[in-house]
Amino acid sequence: MAKAVSYDIMSIRVTAGGLYFSGRRKGKWRELKFFPLLDDLTADGLRGMLAECLGGGALPGKVAVEYSGAKTTLVPSEHFSPGLAARFLSICGRFVGRDEETVWSDEGARIVAVMAVPRHLTDTLKEALPAGFVYSSPLLALVAWDEKIKPRGSYLLATSDGPLVHLAVRKDGKLLAAETLAADSDTARICLMQTLATRHRLGKPKAIAFNGSETFLRTIRGYFGKPLRIKLFPTPQP
C-alpha cells in the first residue's frame, strides 16, 4: 500500500489495455500506477485501485476520466449543445452503438470532447465515484500542450494507446486538426501521419511523439526526421 498522499486532482486514463492513474499536487502531476484490465471493470475493483494509489488518503474532489476511444471528436464550445452531441459524432462517421452512450468533457472549456463510451463504464464510474467526475480525452491533452507551447512551423503531434493513435496537426501557427484513429501497428500509424501531412499540405513536417514504442520512434525518424519526444500529462483541469 502506498503512503497516504492527498492530491488536488486525480486523472484516470482508461485504455483498451488498462487504467493509468495520475495525481496533481501543488501544481505538479505525478504518475501513480497502472493496472492492466483483464476483465470488465467493476466499482469494487476501481475503488480498490484508488485505495492502492492513494494509500488510504482522501479521494480528491476533482476526478477526470480520460477515455481513450476511437469514437471521439472535438467541438468548439460555442457550437456545442448536449442535445447535438450524438449528431456531432455521426457527422464524423462515428456512430453510437447500442451498448454505448454519448458523453462529453467540461462544457465550460474552449473546446469540448464528445465521445461514445460503453454504458457500463459510466455506471461503474458513478458507483465508484459518488462525488462525481468529468470525462476528458487524450485529444484535449494534445490541444492543451499545443496551446501552451505554440511550436513554430509545421508539426504532427502523436500519442498512441494500444490500437489507437491520437494525432494533431499544426501549420503556420494554427492547430488545424486533432483526430483519434484506429491503428494497430506502427506502419498503420505512420500511414495515417503521412495522410494527414498530405491532406493539410504540410510539406515535410516535424514530428512530436509523446509516447510509443522504440520501433515507432525509429519509424517516425525514417519519414519525418528525429522526433521530439515529450512527456504528456493529463489535460489540465481548472
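Me: What sits between strand 2 and strand 3, and which residue in the turn has a positive phi?
Reply: In this predicted model, strand 2 and strand 3 form a hairpin with 2 residues between them. The turn includes K26, whose phi is positive at about 55°.

Me: In what sense do these two strands pair, and over how many bridges?
Reply: Strand 2 and strand 3 pair in the antiparallel sense, over 8 bridges. One example is S22, whose bridge partner in strand 3 is E31.

Me: And what about strand 1 and strand 2, how many residues lie between them?
Reply: Strand 1 and strand 2 also form a hairpin, with 3 residues between them. Strand 1 covers residues 9–14 and strand 2 covers residues 18–25. Their pairing is antiparallel, over 6 bridges.

Me: Which residues of strand 2 stand opposite S11 and V14?
Reply: S11 has S22 as its bridge partner in strand 2, and V14 stands opposite L19.

Me: Is strand 2 largely enclosed or left open by the rest of the structure?
Reply: Strand 2 is largely enclosed, because 6 of its 8 residues are buried. A residue counts as buried when its relative accessible area is under 20%.

Me: Is K126 buried or exposed?
Reply: K126, which has its place in helix 3, counts as exposed, because its relative accessibility is 53% and the exposed class begins over 50%.

Me: How many Å apart are K126 and S213?
Reply: Their C-alpha atoms are 34 Å apart in space, and the two residues are 87 residues apart in sequence.

Me: New topic: cysteines. How many disulfides does a search of the whole structure find?
Reply: The search finds 0 disulfides. As for individual cysteines, C92 counts as partly exposed at 37% relative accessibility. C191 is also partly exposed, with a relative accessible area of 39%.

Me: Now the whole chain. How many helices and strands does the protein chain have?
Reply: The protein chain has 6 helices and 13 strands. Along its principal axes, the C-alpha trace spans about 50 × 40 × 30 Å.

Me: What radius of gyration does the chain have, and what would a compact globule have?
Reply: The chain has a radius of gyration of 18 Å. A compact globule with 238 residues would have one near 18 Å, so the two values agree.

Me: What share of the residues is buried, and what about the surface?
Reply: Buried residues make up 47% of the 238 residues. The accessible surface comes to about 12,200 Å², and 52% of that belongs to carbon and sulfur atoms.

Me: And which share of the contacts joins residues 24 or more positions apart?
Reply: Among contacts with a separation of 6 or more, residues 24 or more positions apart account for 56%.

Terms used:
Residues numbered from 1 in each chain as written. Predicted model: local features only at pLDDT ≥ 70, side-chain atom pairs only at ≥ 80, totals over all residues. Heavy atoms only, no water. Pairing = 2+ DSSP bridges. Helix = DSSP H or I, 4+ residues; strand = E, 2+ residues; numbered from the N terminus. Rg over C-alpha atoms; globule rule 2.2 N^0.38 Å. Buried < 20%, exposed > 50% of the residue type's maximum accessible area, 1.4 Å probe, protein only. Contact = heavy atoms within 4.5 Å. Areas by Shrake-Rupley, 256 points an atom, 1.4 Å probe, with all protein chains shown as cover. Disulfide = S-S within 2.5 Å.
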